[in-house]
Structures are given as structure tokens and as C-alpha cells.
Amino acid sequence: MSDEFEASDQNEQNWQPRRIPFFRKPFKYSYFHAAFALILINFIVFFLCNFIQNLNLYLALNVSLVLGRGMWWQFVTYMFVHQGFRHIFLNMLALFFFGVGVERAIGSKEFLLFYFTTGILSAVLTFILYYFTGNYRTFLLGASGAVYAVLLAYAVLYPRSMIFIWGIIPIPAPVLVLIYTVIEIVSGLFSNSNIAHYTHLFGFLTALLYFVIRMGVNPFKIWKNNYRK
């Protein structure tokens, strides 16, 4: 084989498109209102928990029940159990406002993968925290971890979007994520409430990791580029 042919062959190989890692292969785009389906399922489970005694104990995440009785499904089902109507209403309202936009941007299949991945990983991190801090009797419930992840996704996909607090105060979506991050950190350190502040933070963290690992996107770079003077 001549040297020229070898050089030509090498050049052709250099022009071959790079293979996409398996964990970054995109789904074929489709949209089938997954966010609305999640909202509907959440309300159905909420009403079932009000009629079926102790159902929430089987669905909410608890360290003792997972390790002692093998209720591993709780890492998924905890997202569909809520403390009261105000709890589910606020979570589903946020899922409606931000989830629909995120789903339309990335497609329903990617949205569901994102939602359940961040929700489950938020539960795993919270579970570890509860285990090592001795919170064996605490029950983790609510879609907040996944919803916070969706909020961050919205801020990445629509970085210049303005969100009106109380319908009056306009705040850029990335700034709102920053504000919520500070609030959750402070609340987690100084509040004695039952709200799982660290689960909310884990929602942000897992969403960041999802964009970096799955989508190859750096959210901080997107925000910087969109607000560069």
C-alpha cells in the first residue's frame, strides 16, 4: 500500500462523524402530553390515599420500610404521594407551568426519562442522607424533587424567559433557580419544618448532572452566554 493512499485513507477516517455515546442517543421526537398525564396520575393517587387507609405508608419513601421490608418501589411511588391538597396543588401547578414547556422542547420520551431519573436520584440522595442522620421514621413524599428539576430544565431551555411572581414581579428563570437554591440551603440549615429542603436541592443537582451527562450541555455556560453584556 502506498504512502499516499494511507494518508488519503487517514484523512477520510478523520472526516467520519463521531459516534454518539449510548447514554446520549436521542429519542425520536414525539409529543403526547406526558406532563398532563403525570398531573392526572398524581391527583388520582392523592384521592386514593384519602380513601384507602395507610396507602400512603406503602407509597411514601421510608428508610425502615425499604431496608426492613424491601419496599424498594417507594423510590418511584413517593413522587405521587402528597401531604395535603395545598402540597399537591402547588407541585402540580409548577409542573403545569414549567413541565409543558420543557416537554415541548425536548419531547415527551426525553421529558419522562428526565422526570423519573431526577425524581428517583433525588430520592436516593435523600435516602442516604436520612440513613446516615438517623431519620428512620421520616417519610419522604411529594413530587417536589422532580418538579425542582423541571424548573431548572425550564431555565436552561428558556434562559431569557421571565417568570412573574404573584403575577407582578418579573424574574428571569435562571435567577429564580438561584433564589430558590439560596432559600432551600438556608431553610435546610435553620428550619425545623417537615419540608424536605435537601430533596429540592437534590432535584436541582440531578437536573444539572442530567444536562451535562445526558445532553452534553453546561447550564452555567448557557446562562452566561444569554446574559453576557
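Helices (H or I, at least four residues) and strands (E, at least two) are DSSP runs, numbered from the N terminus. This is a predicted model, where local features need pLDDT of at least 70, side-chain atom pairs count only at pLDDT 80 or more, and totals for chains, interfaces and linings use all residues. Residues are numbered from 1 along each chain as its sequence is written, and side-chain values use heavy atoms, with hydrogens and water left out.

**View 1. The whole chain.**
The protein chain has 11 helices and four strands. Of its 229 residues, 41% are buried (buried is under 20% relative accessible area, exposed is over 50%, partly exposed is in between; 1.4 Å probe, protein chains only). Take the contacts (heavy atoms within 4.5 Å) with a separation of 6 or more: 73% of them link residues 24 or more positions apart. The chain exposes about 14000 Å², with carbon and sulfur atoms supplying 65% of that; accessible areas come from the Shrake-Rupley method with a 1.4 Å probe, and for residues only the protein chains shown count as cover.

Tyr136 sits in the loop between H7 and strand E2 (139-140). It counts as partly exposed because its relative accessibility is 38%.

A polar atom of its side chain lies 3.1 Å from the backbone oxygen of Tyr115. Leaving aside residues up to four places away in sequence, Thr118 touches Ala146, Ala149, Thr206 and Ala207.

**View 2. Phe116, also on H7.**
Phe116 is in helix H7 too, but at 24% relative accessibility Phe116 counts as partly exposed. Not counting residues up to four places away in sequence, Phe116 touches Leu38, Val76, Met79 and Phe80. Met79 is 37 residues from Phe116 along the chain, and their C-alpha atoms are separated by 9.0 Å.

**View 3. Helix H8.**
H8 covers residues 144-157, which is 14 residues, and should span 20 Å at 1.5 Å a residue; its end C-alpha atoms are 20 Å apart, so the two agree (the expected span is 1.5 Å times one less than the number of residues). Since 13 of the 14 residues of H8 are buried, the helix is largely enclosed by the rest of the structure.

His33 isn't a glycine, yet its phi is positive, about 60°. You'll find His33 in the loop between helix H1 (3-14) and helix H2 (34-51), and at 40% relative accessibility it counts as partly exposed. Asn54 isn't a glycine either, and has a positive phi of about 65°. Asn54 lies in the loop between H2 and helix H3 (55-59) and, with 38% relative accessibility, counts as partly exposed.

Note on methods:
A polar contact is a pair of N or O atoms within 3.5 Å; within protein, one must be able to donate a hydrogen and the other to accept it, and residues adjacent in sequence count only if both atoms are side-chain atoms.
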